[in-house]
Amino acid sequence: MTGTPAPRTDQPHDLVGIGIGPFNLSLAALAHGLRTGSTADALATAFYEQRPAFHWHAGLLIDGTTLQVPFLADLVTLADPTSPWSFLGYLKDHDRLFPFYFAERFHIERAEYDAYCRWVSERLPGLHFGHQVDAVRWNPEHSLFEVDFTRLDPEGGARSPGLARTRHIAVGIGTEPHVPEPLQPLVDAPGVLVIHSADYLQHREQLLAAGHITVIGSGQSGAEVFLDVLRSRPAGAEQVHWLARTEAFAPMEYSKLGLEHFTPDYVHYFHALPEPARDDLLARQWQLHKGIGAGTIAAIHDELYRRSLHGGWPDAVLAPGVRVRTAGRVATTRVELHLEHFRQGVRSQLITDAVVLATGYRERPLDRVLVGLDPYLRRDAAGRPRIDAHFRLVMDPAVTGSVYVQNADRHTHGVGAPDLGLAAWRSATILNSLTGKEPYPLPRRSAFTSFGLQRCAAPGIPGQVPRLTPLEERC
């Protein structure tokens, strides 16, 4: 590392964000909105991201794929429909409002969402890309957090160190691709084409040139990769397997009442449950967020059916209920998968030329960046950080500042933690808590469903008290 630390400023930040994905970008956009108010409401913020620019799931921006949430689930609209950083504001800036109006699209393409977020990130002040946060610590003498970071050059090398002081922190470091243990050595091995779906587009040409392709994973990403591979292969010579641990290639729960699990009302209910109840419930709710869009399932079946019109079946195997026990290299570049069917107890082998792991993502451990705060953190019975209703880490009372977390709270706030539709509401909740005011009024009620017999009060909404759901007893 070269250079000298940046001089400390006399005035610390009110908020420093670590990571600039959609959630912290939402927080930055709504925080910037507070600057238009009175001086007392103005926030001094800085957000740091080690990547050189904003990109959202670049490897999965397959042509034609859409978000699984409506365009209203942008960075700001569900908290502040008048914000200049809305998706409609992006369309206006690009003179595309009328084309969008006539397109009648409620769900936009992923590539367009990525472009919208990048538009915000390139215009919003206070965002610092190419800055890697190295450490966070609490300074009890000044009652401030100190954030050490390194400025990076365009190639990712260290350029110079820096220091930021702040009253509060928002950690939005997102998730990372999950690779099952049996396949980890092959992902890292040279000459073997085993990749995570997060890198699919970067390797697409090489993958499609392979003889036989195996896709592993039953969620939306696995379905989209399988469909893209299928469409690119000649009829009758597809040579593709789609394997999944789940019992079926199941549709995502997308009924209107089912979607109410992604409302503030449900978040309040879930957070108020005892820890064992939350853990048990999460394990049962996989179809709320790990299933496949009904449209994608229909498109896959339509494509397979089309390939059977002239007799014969496509050379495509769809096998749910199967796990990979072990995997190894064969003949230098090929892969041998040792498989087991859960119900039959039958084992088999599959030789393939390429593997795409659509095996999802896992929350990045907060400990990596917050190790300096570990003595102050309060943890639950499983050793996970405790997080209060305002998305703050529960810490020793000696720490007077707050550390807010984004998309690291599924164990405390439920299946909606990674959902884009709750981004603006969570950011508003954080900013209301941080300012001690209500710059963004929160909804008093957001679902027709009453979750639980006692409705949990929404934190930060004055005058709202828990009440029993009225039940009528009939003969």
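Between domain 1 and domain 2 the count is 1 salt bridge, where a salt bridge is a side-chain nitrogen of Lys or Arg within 4 Å of a carboxyl oxygen of Asp or Glu. By class, the side of domain 1 that touches domain 2 has 4 nonpolar, 3 polar and 1 charged residues, with Ala, Val, Leu, Ile, Met, Phe, Trp, Tyr, Cys and Pro counted as nonpolar, Asp, Glu, Lys and Arg as charged, and the others, Gly among them, as polar. This is a predicted model, in which local features need pLDDT of at least 70 and side-chain atom pairs count only at pLDDT 80 or more, whereas totals for chains, interfaces and linings use all residues. Residues are numbered from 1 along each chain as its sequence is written, and side-chain values use heavy atoms, with hydrogens and water left out.

**Domains and their interface**

- The domain assignment of the protein chain gives domain 1 as 13-174 + 364-435 and domain 2 as 178-252 + 290-360, the bounds coming from an automatic or database domain assignment.
- Taken over C-alpha atoms, the centres of domain 1 and domain 2 are separated by 33 Å.
- In contact across the interface are 8 residues of domain 1 and 13 residues of domain 2, where contact means heavy atoms within 4.5 Å.
- About 800 Å² is buried between domain 1 and domain 2, and carbon and sulfur atoms give 57% of that area; buried area is the accessible area (1.4 Å probe) that two parts lose on being put together, summed over both.
- The rule finds 4 residue pairs in polar contact across the interface of domain 1 and domain 2, both residues being at pLDDT 80 or more; a polar contact is a pair of N or O atoms within 3.5 Å, and within protein one must be able to donate a hydrogen and the other to accept it, while residues adjacent in sequence count only if both atoms are side-chain atoms.

**Salt bridges**

- Side chains of opposite charge can pair when their charged atoms come close.
- A search of the whole structure finds 28 salt bridges, and one of the pairs joins the side chains of Glu224 and Arg110 at 3.0 Å, N to O.
- The side chains of Glu146 and Arg137 form a salt bridge at 2.9 Å, N to O; Glu146 is buried, with a relative accessible area of 5%, whereas Arg137 counts as partly exposed at 30%, given that buried means under 20% relative accessible area, exposed over 50%, and partly exposed in between (1.4 Å probe, protein chains only).
- Arg379 and Asp367 meet through their side chains in a salt bridge of 3.1 Å, N to O. This pair links distant parts of the chain, with Arg379 in the loop between α11 (367-370) and β17 (402-405) and Asp367 in helix α11, 12 residues apart; helices (H or I, at least four residues) and strands (E, at least two) are DSSP runs, numbered from the N terminus.
- In relative accessibility, Arg379 is partly exposed at 30%, and Asp367 is partly exposed at 37%.
- Asp396 and Arg378 form a salt bridge through their side chains at 3.0 Å, N to O. Both Asp396 and Arg378 lie in the loop between α11 and β17, so the pair ties together parts that are 18 residues apart in sequence.
- Asp396 counts as partly exposed at 23% relative accessibility, and Arg378 is partly exposed with a relative accessible area of 30%.
- A network of salt bridges links Glu238, Glu303, Arg306 and Arg307.

**Helix α8 and His261**

- Helix α8 (residues 264-272) has Pro264, Asp265, Tyr266, Val267, His268 and Phe270 buried, and what covers these buried residues includes α9 (275-284), α12 (410-413) and α13 (423-435).
- His261 is placed in the loop between β10 (240-243) and α8, where the side chain of His261 reaches the backbone oxygen of Gly258 at 2.9 Å.
- Not counting residues up to four places away in sequence, His261 touches Tyr266, Gln285, Leu288, Val415 and Phe451.

**Residues with positive phi**

- Phe391, found in the loop between α11 and β17, has a positive phi of about 70° although it is not a glycine, and Phe391 is buried with a relative accessible area of 2%.
- Asn407, found in the loop between β17 and α12, is likewise not a glycine and has a positive phi of about 55°; Asn407 is buried at a relative accessible area of 9%.
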